[in-house]
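The sequence and model come below.

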Amino acid sequence: MKTNQSSEAAQNDSLFSKDGPDNDVALQTVVRYTRNLANFPFSNCLRVNDLERVKSIIFDSINRIKDAEKYHIISSPELFKIETLVDCGILDEGCKEDATLAVNDENYLSCFIINDVDHLKIKCIMPGSDTENAYENCRNIDLQMQQNLQYAASYEFGYLNSNFCDVGSGISFKTMVHLPFLALTGKIGEVSRRLLDKQISLSSCFRGSREGSIFNFSKDAYSQGSFFEISTTNSFYGTELDQHANFKQELMNIIEEERLCCLNYTRKNSTLLKHDVFRAYGISQFSKFITRQEAIDIMCAMKMGVNAGLIEGIQHKELNFLPYKIMFTNIERIIKAGKFNFEPDIADNIRMEGDRLRAILLQDELKNIILKDN
């Protein structure tokens with residue numbers, strides 16, 4: 001492992017522009033193992049010396065795994081200069097300030113989070129709906145770590161973790177999905193209830209009010225831009241293989257339902273859909289300022305347009321990169337780097353500079369789009 005790496009080294013964008021299976025609906029999949037060391041209290045109850053000891057033991061184990069040299073360590077307070085890692089799913093929101101992150105240099109495909117609420121979290125991230133590779137990579141890393149670590153576990157309950165929902169296998173699955181046509185046809189509530197019966201939750205991806213949206217598809221949506229997270233609610237029902245198979249089956253069911261709703265809605269409401277998609281594109285290309293909410297709605301419209309055959313010249317892997325790129329934390333990072341000279345009348349106004357830069361980024365990303373009004 002490499003130590004004392006700059007926060008800039010962790011801001012590798014390439015994972016978020018990679019192609020993945022079913023990326024017309026699924027943007028990104030995260031698999032996480034939660035583990036705690038035997039003979040130590042949970043992280044919240046550890047003394048400072050014990051926190052350092054746990055970290056040292058885990059570092060020693062990481063150094064023994066395959067490709068250990070590809071990981072670099074980012075420690076607090078350096079860790080918390082990288083809010084973009086929360087936006088892209090690497091860090092959990094509310095991560096403790098004395099946590100440490102070990103990130104794989106190659107596109108964030110895997111990372112370790114040490115001394116958050118649990119001693120160790122192993123995460124693997126893949127584009128699209130690729131739960132298989134994310135699960136297999138995470139499992140292989142965990143098995144290698146177990147050769148040198150003794151985890152807290154019991155025959156009756158499985159792995160013991162600070163959150164009751166993580167007791168058992170300690171594994172969780174999460175996929176970010178885009179479901180605008182299920183939302184438009186009023187089926188999100190039905191889908192959510194069905195998933196809960198399968199120990200899976202459906203939650204909003206982006207916080208914020210949807211009031212005042214100028215787009216028809218956003219006014220009655222359950223989530224801003226109809227971006228959702230599908231995630232397992234616990235890890236104590238069945239084995240790891242059962243939990244993976246159950247999650248994958250429900251994920252694929254939702255993807256197929258969204259595609260079917262897209263076909264039906266496009267056939268019945270083509271003029272209304274064209275209006276929203278074309279209007280969103282016009283706003284993206286000719287606005288001087290674009291707010292975060294407007295940007296999310298524009299991303300939604302562009303993905304809808306591609307799926308409905310109304311847009312050419314851009315692929316889903318490019319559109320799936322936009323949520324990370326237009327988030328305030330990434331916008332703020334670019335502004336602080338001093339890479340843009342803003343107009344004098346908005347200079348030193350952080351909010352206006354952010355909205356201006358977001359408009360510039362969207363115009364550049366969407367400049368090759370061709371609208372199809374057939």
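The axes of helix α8 (residues 270–286) and helix α13 (residues 350–365) come within 7 Å and cross at roughly 120°. Axes here are lines fitted to C-alpha atoms, for helices over the stretch in contact, with angles running from 0 to 180 degrees between N-to-C directions. Helices (H or I, at least four residues) and strands (E, at least two) are DSSP runs, numbered from the N terminus. The crossing of α8 and α13 is left-handed, a term used if the near helix is turned anticlockwise from the far one by less than a right angle. On the α8 side the contact is made by S284, Q285 and F286, and on the α13 side by A359, L362 and Q363; contact means heavy atoms within 4.5 Å. These residues divide into three nonpolar, three polar and no charged. In that count Ala, Val, Leu, Ile, Met, Phe, Trp, Tyr, Cys and Pro are nonpolar, Asp, Glu, Lys and Arg are charged, and the others, Gly among them, are polar.

The model is predicted: local features need pLDDT of at least 70 and side-chain atom pairs count only at pLDDT 80 or more, whereas totals for chains, interfaces and linings use all residues. Residues are numbered from 1 along each chain as its sequence is written, and side-chain values use heavy atoms, with hydrogens and water left out.

Helix α1 (residues 48–62) has 15 residues and reaches 21 Å from its first C-alpha to its last, close to the 21 Å expected at 1.5 Å a residue. The expected span is 1.5 Å times one less than the number of residues. Buried residues of α1 are D50, L51, V54, K55, I58, F59, S61 and I62, where buried means under 20% relative accessible area, exposed over 50% and partly exposed in between (1.4 Å probe, protein chains only). Their cover includes β2 (71–75), β3 (100–104), β4 (110–114), β5 (120–127) and α3 (131–146). Leaving aside neighbours within four places in sequence, K55 is in contact with T100, I114 and N115.

An open sheet of eight strands has the order β2-β3-β4-β5-β1-β8-β10-β9, with antiparallel pairing. Because β2 and β9 (200–204) stand at the edges with a single partner strand each, one side of each is left without a neighbour in the sheet. Neighbouring strands of this sheet are turned by 20° against each other on average, direction ignored. Five bridges join β2 to β3; two strands pair if DSSP finds at least two bridges between them. Y71 stands opposite N104 in β3.

Helix α5 (residues 188–197) lies across β9 and β10 (227–232), running at about 145° to β9. Helix α7 (residues 240–268) lies across β1 (26–35), β8 (171–178), β9 and β10, and runs at about 5° to β8. A245 is found in α7. The C-alpha atoms of A245 and E132, 113 residues apart along the chain, are separated by 9.5 Å.

D22 has a positive phi of about 60° although it is not a glycine, and S226 likewise has a positive phi of about 60° without being a glycine. D22 lies in the segment before β1, while S226 is in the loop between α6 (216–219) and β10.

| Residue | Relative accessible area | Class |
|---|---|---|
| K55 | 16% | buried |
| A245 | 45% | partly exposed |
| D22 | 18% | buried |
| S226 | 1% | buried |
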